[in-house]
Amino acid sequence: DLQQAFPDIKNSEASRISYNHWIINDGYKNYNVSKSLLPSLESIDDSIAASRGVNIVGYFESVNGVAEAARLYFKKSLSSSIATTLFSIPTAAHSQLTSEEILDYSRYYAESPAFSKNIFFVNSDEINNVKSHFPDLFKDKYNAAVWWWEFDDYFDFPDAFNCVDEVIVFTDFVARAIRKTAPENIKVTKMTYPFMKNWELTVSRSDIRKSIGISDADYMFLYVFDLFSGFDRKNPLALIDAFHTTSKTYSNARLVIKIGHTEHFADEYKSIQDRINKLSLKEKIIVLTESLPRNLYMSLMDGADAYISLHRSEGLGLSMLEAMYLGKPVIATSYGGNLEFMNEDNSLLVEHDIVELERDFGPYKKGWLWAEPDILNASKHMIRLIFDSEFSDDLASKGQNDVMNQFDRTTHVNELYDFVSS
């Protein structure tokens, strides 16, 4: 492995610099090297080192999809010979990691960017604000930013391009919108989402189900979403309606909805509770609102029999990807960035119509187009998974194999090398 990562360490100064950064930052732990034997960072030529690394900037201590992408990108980059430093942007808007989880990243924090290239995991609607608060992060650097977006025909933040030299996206769905709007001098690069296993299942499937009132005889569907990501876009009421139809066919069907940041969205949370009560589903739908540590969250995911998302649009759909990696059959709207890894062979895709937004909300404008999933088609898929275990197991296996092959280490490392070298 070391020979592959550092093939020319004897003759290449750059290769030696990369090796020194790797062994100092992480490698000594893997190979039980005494710290007294480690090279000094001061011994590394700064001008060469600056060209062989990358500064990763993001909300490393927050619990949200953009922050998780930054953490995954960094973790996966540790397996390369490219040196990295981290700069964490403080925010009080989202829930925070536990102090123990933060330690995995805080020891890599830098007071200022060490290398000539930055990758900001900061969305287009926030990048100007970050630049105004931390201008020195951007100064005299090549600045790339990872952006998410949920519409492939519209992009509403043209001023954001003034902050960056390059935009990185993880799906063709997002790339289409950015490329339509980006000025000619802005490079738009599609990379593979840096997915990897970064958790341990700390609670057994049986115990996690028991803790939320799900028996072994119940069939548990799971949906996870954050209200900061958009109530209408995430579309939980459609899921409740689809489950209502399903539960009439199978009385032991259960739906668990894990919702983030309900404390900031009282009206939206109330509408979910009202729909559950209206359909007399209080005994069959369990709503969880507590922020969970990563290991416990993934243990909850592992406790499900199937995962379902009736979103109207998605930039990627990380929870669907996580479920497939765990070997769960996944049902989802056949629209959005989730089609980057979902297809008719490895998942159950829900039919949809393309409809206009009926009102403005957040950055989304009335008249824009997105999907309206077919509730009856979704329920049909749910019922099939419940009653056809052979089909369900085969589908889950295909999905798991596909995502394990698609999101491999080699692709990420090659893309990181290309970025640093370009």
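Predicted model: local features only at pLDDT ≥ 70, side-chain atom pairs only at ≥ 80, totals over all residues.

Does Phe225 count as buried or exposed, and what is its relative accessibility?

Modeller: Phe225 counts as buried, because its relative accessibility is 4%. Here buried means under 20% relative accessible area, exposed means over 50%, and partly exposed lies in between (1.4 Å probe, protein chains only). Residues are numbered from 1 along each chain as its sequence is written, and side-chain values use heavy atoms, with hydrogens and water left out.

Tyr223 is likewise buried, at 1% relative accessibility. In the whole structure, 38 aromatic pairs are found. Tyr223 and Phe225 form a stacked pair, since their ring centres are 5.4 Å apart and their planes meet at 15°. Rings of Phe, Tyr and Trp (its six-membered ring) pair if their centres lie within 6.5 Å; planes under 30 degrees apart count as stacked, over 60 as edge-to-face, and the rest as tilted.

A second pair, Tyr250 with Phe387, is edge-to-face, because the planes stand at 85° with the centres 5.5 Å apart. This pair links distant parts of the chain: Tyr250 belongs to the loop between helix H11 (236-249) and E8, Phe387 belongs to helix H15, and 137 residues separate them. Tyr250 is partly exposed, with a relative accessible area of 24%, while Phe387 counts as exposed at 52%.

Helix H15 (residues 375-387) lies across strand E7 (219-226), strand E8 (253-260), strand E10 (306-309), E11 and E12, and runs at about 160° to E12. Contact means heavy atoms within 4.5 Å; axes are lines fitted to C-alpha atoms, for helices over the stretch in contact, with angles from 0 to 180 degrees between N-to-C directions. Helices (H or I, at least four residues) and strands (E, at least two) are DSSP runs numbered from the N terminus.

These strands belong to an open sheet of six, ordered E9-E8-E7-E10-E11-E12, with parallel pairing. Strand E9 (285-288) and strand E12 (348-350) are at the edges; each has a single partner strand, so one side of each is left without a neighbour in the sheet. From one strand to the next, the twist averages 20°. Strands count as paired if DSSP finds at least two bridges between them. Strand E11 (residues 330-333) is joined to E12 by three bridges in the parallel sense, and Thr333 has Val350 in E12 as its bridge partner.

The chain also holds another open sheet of six parallel-paired strands, in the order E2-E1-E3-E4-E5-E6. Its edge strands, E2 (83-88) and E6 (187-190), each pair on one side only. Overall, the chain contains 17 helices and 14 strands, and 55% of its 422 residues count as buried. Of the contacts between residues at least 6 apart in sequence, 69% join residues at least 24 apart.
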